[in-house]
Amino acid sequence: MQQIRKIFSATKELKRYYIAIGCFTVFSALLTLLLPAVTGKVIDLFGQGEDFDISKAVFYAAVIFLADILYNIITNVNGYIGDQMGFHVRRILGNKYYEKLMILPQQYFDNEITGKVVNRLERSVGQISDFLSAFSNNFLQFIFSTIFGLVVIGFYSLPVALFLAALYPIYIFMTTRSSGLWMDYQDKINKNNDMAFGRFNEAISQIRAVKSFNQEQRELNYYQSKLAKIISLVRPQSKHWHISDFKRRLVLNVIFFAVFCFIFIQGARGALTAGDAVALILYSNQIRIPIFTISFLVDRTQRVISNSKDYFDVIEKADEERNAQAKNLHVHDGRVEFKNVTFSYDDKTQVLSDLNFTIEPGEKIALVGESGGGKTTITNLLMGFYHPDNGQILVDKQNIADINLPSLRRAVGAVFQTASLFSGTITENISYSKSSYKKKDIVAAAKAANAHQFINKFKKDYDTFIGERGLKLSGGQQQRIAIARAIFKNAPILVLDEATSSLDSKSEILVQAALDKLMENRTTIIIAHRLSTIANVDKILVIDGGRIAEQGSPKQLAKSGGIYSQLLKMQKDGADIEQLKKYDMVG
Ligand SMILES: Nc1ncnc2c1ncn2[C@@H]1O[C@H](COP(=O)(O)OP(=O)(O)OP(=O)(O)O)[C@@H](O)[C@H]1O
Ligand SMILES: [Mg+2]
């Protein structure tokens, strides 16, 4: 029930649709009451022989005809409103979900498969909109037809009305009793469904890897095995449902047996006129239909409860913004300090341990060290994707824990380890940080990133569509667009994570020159495996196992005899491959 309340409160702006549909439904329920009463009247006319008034008979037929037309109009108008409502439900719930996903912490995405997240939305929204239209169409109709029907039947015969009324509590009791098991099955079905579609999505988005390892069959098998599992659950679930439904209907059949016996006997005895008996039979029959819709409604309700659970779980998750009173960040100089920062992704393995360093305004520092040592993690924390378990990160003396995340992220321009581009044009990608821009700024950024030349070679130059995640571009081209995007953003702090790793030496020298210019007067963190890239930085931090193993200027470190000087020697001499591997460095 709580779940149903959530659905209505999430879609409360559609109240007027519910009310309109409800009103029309009441109206159409009233109209359906007309037919049995009129039929009864006409049957009683039959007995009048010579006095039979033809005009009266035509009048009754005309009443039925008009009621039919009105019913026709109302149900179509109602259907039209229902369609609109269905669409708005999709819009509202889809928006809420997307909005929520946008502000969920990175950790949520680390633990989810994209396909699952998408599949869940489709499933929940589809079921919720089905439920709401079933609710406003059938449920209201059910309530009104039942109430009106019972009242009218009561006028004809109180015992019949009481008999029929007893049916509802019995029916509802039996239905709710059987729903627990049904929902357990449905939860399992949903889990398997999510796994199947999650993997489906992953395989399709990395189809090259699947093909190159000849694993098409393995992916298909996985999908098929999950669907087979679903079928093995659907079978007992459906069996359970239909057996319960059979039992419920059996009770209904017995009660109707008693009711009809009563009406027939009363009719035979003359306690009811033929017309009244017919009207009673028709009313009782009319009431049967809404009783059957209880099964349908319960089915819908069960479905929506279990299928929207995951949706509301997501909606109710905590945002990544942890501090409601967070202030805007004001960057004056761009000093970045890490103070005793300790961090773990999973609360088990410590990735950063008691990290301390300061980047002075405008200073360029390089993070080098073993793969998996924690370099990217440091930049993840600086951008507020994750929060330190202990310690503080300060930007111009402001603790970023007290800063609202959009303002923090406005201050940091980043080139990630993977280019992370979007389908769309080159212009759209470079200008991603701003909704309005001048073409000349885009071109300037592209020139600075040494991308202008290759862009110009495309037939549609800056309007070229680059495909999903930029897949129509080469790795080096993607990287240069990503650099242009960061240059265009023009933020006071810059993070370059392996920004030039996909470039050949010639392009790298050119892009490096552009980056050097970009880095002027900006606080910059560079992560690089190629030591030549970081020869001109102010300071190098050698990260080893989440700690700073050594730090100093390239010159100081070159002489210190530590890890960096060893690496430098190895990269220069093209020496010991085994040693290089250890540090995941190449010359
Ligand atoms: N999202 C994540 N969830 C859990 N563990 C993670 C996550 N990202 C990284 N790690 C772990 O944290 C450690 C540090 O990773 P990080 O990406 O910071 O390394 P890195 O120094 O940037 O390595 P590389 O040079 O290969 O890019 C690794 O052991 C990695 O397995
Ligand atoms: Mg990294």
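Phe338 counts as buried, at 1% relative accessibility. (Buried means under 20% relative accessible area, exposed over 50%, partly exposed in between, with a 1.4 Å probe and protein chains only.) This is a predicted model: local features need pLDDT of at least 70, side-chain atom pairs count only at pLDDT 80 or more, and totals for chains, interfaces and linings use all residues. Residues are numbered from 1 along each chain as its sequence is written, chains are lettered from A and ligands numbered from 1 in the order in which they are written, and side-chain values use heavy atoms, with hydrogens and water left out.

**The sheet**

- Four strands form an open sheet in the order β2-β1-β4-β5, with antiparallel pairing. β2 (350-359) and β5 (398-399) stand at the edges with a single partner strand each, so one side of each has no neighbour in the sheet.
- Two strands pair if DSSP finds at least two bridges between them. Strands (E, at least two residues) and helices (H or I, at least four) are DSSP runs, numbered from the N terminus.
- Strand β1 covers residues 336-344 and strand β4 covers residues 390-395. Five bridges join these antiparallel strands. Glu337 stands opposite Leu394 in β4.
- β4 also runs antiparallel to β5, and two bridges join them. Here Val395 stands opposite Gln398 in β5.
- The hairpin of β4 and β5 has two residues between the strands. In this hairpin, Asp396 takes a positive phi near 45°.

**Aromatic rings**

- A search of the whole structure finds 18 aromatic pairs. One of them joins Phe338 and Phe357, which are stacked at 4.6 Å centre to centre, with 15° between the planes.
- Phe338 lies in strand β1 and Phe357 in strand β2, so the pair ties together parts that are 19 residues apart in sequence.
- Phe357 is buried, at 5% relative accessibility.
- Rings of Phe, Tyr and Trp (its six-membered ring) pair if their centres lie within 6.5 Å; planes under 30 degrees apart count as stacked, over 60 as edge-to-face and the rest as tilted.
- Phe8, Tyr18 and Phe131 are linked into a cluster by ring pairs.

- Thr376 is partly exposed, with a relative accessible area of 27%. Gln417 is partly exposed too, at 41%.
- Seven of the eight residues of α11 are buried, so the helix is largely enclosed by the rest of the structure. Among them are Lys375, Ile378 and Leu382.
- Gly384 follows α11 and has a positive phi, near 75°.

**The nonpolar patch**

- Phe27, Leu30, Phe65, Leu66, Ile69, Leu70, Ile73 and Val77 make a nonpolar surface patch of about 700 Å². α2 (15-32) and α4 (54-103) are the elements that give two or more residues to this patch.
- α4 gives the most, with six residues.
- Leu30 lies in helix α2. This residue is partly exposed, with a relative accessible area of 39%.
- Patches are made of residues with over 30% relative accessible area and no salt bridge: like charges are joined within 9 Å, nonpolar side chains (Val, Leu, Ile, Met, Phe, Trp, Tyr) within 5 Å. A salt bridge is a side-chain nitrogen of Lys or Arg within 4 Å of a carboxyl oxygen of Asp or Glu. Areas come from the Shrake-Rupley method with a 1.4 Å probe; for residues, only the protein chains shown count as cover.

- Most residues other than glycine have a negative phi.
- Asp347 is not a glycine, yet has a positive phi of about 65°. Asp347 sits in the loop between β1 and β2 and is exposed, with a relative accessible area of 68%.
- Asp354 also has a positive phi, near 45°. Asp354 is found in strand β2 and is partly exposed, at 43% relative accessible area.
- Lys317 lies in the loop between α10 (274-315) and β1. Lys317 is partly exposed, at 35%.
- Lys317 and Leu101 are 216 residues apart in sequence, but 9.5 Å apart in space, C-alpha to C-alpha.
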